[in-house]
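Please keep the sequence and the model in view while reading.

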Amino acid sequence: MALSGADPSLFERVLEDLDPEVSAAIDGELARQRSTLDLVASESVPPRAVLEAQGSILTAKYADGYPGRRDYDTCEWIDEIECLAIERAKALFGADHANVQPYSGSSANAAVLHALCEPGDVVLGFDFAHGGHPTHYAAATFAGRNYRALAYHVRRDNRLVDMDEVETLARRHRPKVLFAGWSCYSRHLEFARFREIADEVGAALVVDMAHFAGLVAAKVHPDPVPFADACTMTVHKTLGGARGGAILCRREIAERVDAAVYPGEQGCPLPNVTAAKAVTFRLAGTDAFRERMERTLQGARTMAEVLVEAEDRTKAHVVTGGTDVHQLLVDLAPGGREARTTLGRLNKIGISANAIALAYDPRVEPACSGLRFGAMALACRGFGREQFAQVADILSDALANGGEDPGGSLAERVAELTSEMPLYRHLA
């Protein structure tokens, strides 16, 4: 039946019929994902229920404000959904307060700085080329434009965060906010030491756990929540769900954080995304999710072990000699290769990853020497230790040949692995 007063050609036609160009592009991306070993550390495979919620009729609803105090009427169902997301996030992480409205992890970082700082205040974050995220300090971001942002680094000898430097910089500059957290780093952080330093200089400690929130939720990673004044995250990386961000914080700063998110940094929340976040947090509390996180860690460690053993052959060094998390970093400098050239060759084989800057690399973008490999997306597909070992063997063979696959045998091995672990079987 047509919608009353509506043009059925607009409201009832399926995407393939209404817009075949966009439909074909989506189908092409599905085919690519199905046939690719996705080792991009920021990516996962959202469950069907998350896709349904995020693509739901909630897309149309305006709901500026917070549950019980919206700028629009008729938000009772939106309030119920957002309250579910909030309570599930709090229970999952043991937090005093949760804000589930940020559009992204970057939006969450902006809001926390807005809540805790005044323009011109000092912020101390982790250097991007050493593993941090630009929104902690970089001049081109809101952190660098609105605040006096400084950066700490990893040690040259072991590539671990230099906590002595963190302490020295904090004592010298007395930041208002001290960021802990990373984007390209493969070891645990010393949250207790960060807390001690923050307390000594009167700083708020903000932990950006965008990459490892899922590991924390599954209790397979040290928990930063008891140490931090606020934690920011994305919900689509290791949490494996909705595209967006969230903030956890102590109750003492909850009102400031909420006001910084809305109306401070952004307008109307996205109710469809909030619903998908609620589903994500529910799934993250299950035994099945924990098992997947355990396989994710096992997969990353297996790949690291195989690549470490193959270093003489590949001339590619696993940074820090391994990993504690879902990702590992590989330095191509020993073989004199550039990451983007190698990555382009891996893409042709059917392996996706991403090029990164590495600490103390004399070359910068686009000629950097770092590659980052993550295990999350393949763990979502069902990969276990045996399959991850095969992935690492393919990688080591490819890297030993500069990423090339002259005979096509590596591409055949990729095709065999991806066909064994189908993706989104419910989709045509």
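## The largest cavity

The largest cavity holds about 30 Å³ of space, and the structure has one cavity of 30 Å³ or more. A cavity is found on a 1 Å grid over the protein atoms alone, as a set of points where a 1.4 Å probe fits but cannot get out. Grid points are joined across faces, edges and corners, and a volume is the space filled by probe spheres set on the points. The model is predicted, so to speak of local features requires pLDDT of at least 70 and side-chain atom pairs count only at pLDDT 80 or more, while totals for chains, interfaces and linings use all residues. Residues are numbered from 1 along each chain as its sequence is written, and side-chain values use heavy atoms, with hydrogens and water left out.

The lining of the largest cavity consists of Val100, Gln101, Pro102, Tyr103, Leu270, Val273, Thr274 and Lys277; a lining residue has an atom within 4 Å of a point. Five of these residues are nonpolar, two are polar and one is charged. In this classification Ala, Val, Leu, Ile, Met, Phe, Trp, Tyr, Cys and Pro count as nonpolar, Asp, Glu, Lys and Arg as charged, and the others, Gly among them, as polar.

## Two pockets

A pocket, unlike a cavity, is an open set of points with protein on both sides within 12 Å along at least five of seven lines. The largest pocket has a volume of about 860 Å³. Its lining comprises 31 residues, and Ile26, Glu29, Gln33, Leu51 and Tyr424 lie nearest its centre. Helix H3 (20-35) is among the helices that each supply at least two residues of this lining, together with helix H2 (15-18), helix H4 (48-54) and helix H16 (376-380). Helices (H or I, at least four residues) and strands (E, at least two) are DSSP runs, numbered from the N terminus. H3 gives the largest share, seven residues. By class, the lining of the largest pocket has 14 nonpolar, nine polar and eight charged residues.

The second largest pocket has a volume of about 350 Å³. It is lined by 25 residues, of which Ser42, Phe128, His133, Ser183 and Arg372 lie nearest its centre. H6 and strand S14 (354-356) are the elements that give two or more residues to this lining. The lining of the second largest pocket divides into eight nonpolar, twelve polar and five charged residues.

## The sheet of seven strands

Strands of a sheet pair through backbone hydrogen bonds, either parallel or antiparallel. Here an open sheet of seven strands has the order S4-S10-S9-S8-S7-S5-S6, with mixed pairing; two strands pair if DSSP finds at least two bridges between them. Strand S4 (97-99) and strand S6 (148-152) are the edge strands, each pairing on one side only. From one strand to the next, the twist averages 20°. Axes are lines fitted to C-alpha atoms, for helices over the stretch in contact, and angles run from 0 to 180 degrees between N-to-C directions.

Strand S9 (residues 230-234) and strand S10 (residues 245-249) are antiparallel partners over five bridges. In this pair, Ala230 stands opposite Cys249 in S10. Helix H6 (residues 105-116) packs on the sheet and touches strand S5 (122-126), strand S7 (177-181), strand S8 (204-208), S9 and S10. Contact means heavy atoms within 4.5 Å.

S14 and strand S15 (residues 370-374) pair over three bridges, and Ile356 stands opposite Gly370 in S15.

## Helix against helix

The axes of helix H13 (residues 287-309) and helix H17 (residues 385-400) come within 8 Å and cross at roughly 35°. The residues of their contact divide into nine nonpolar, four polar and four charged.

The axes of H6 and helix H11 (residues 254-265) also come within 8 Å, and they cross at roughly 115°. By class, the contact of H6 with H11 has seven nonpolar, two polar and two charged residues.
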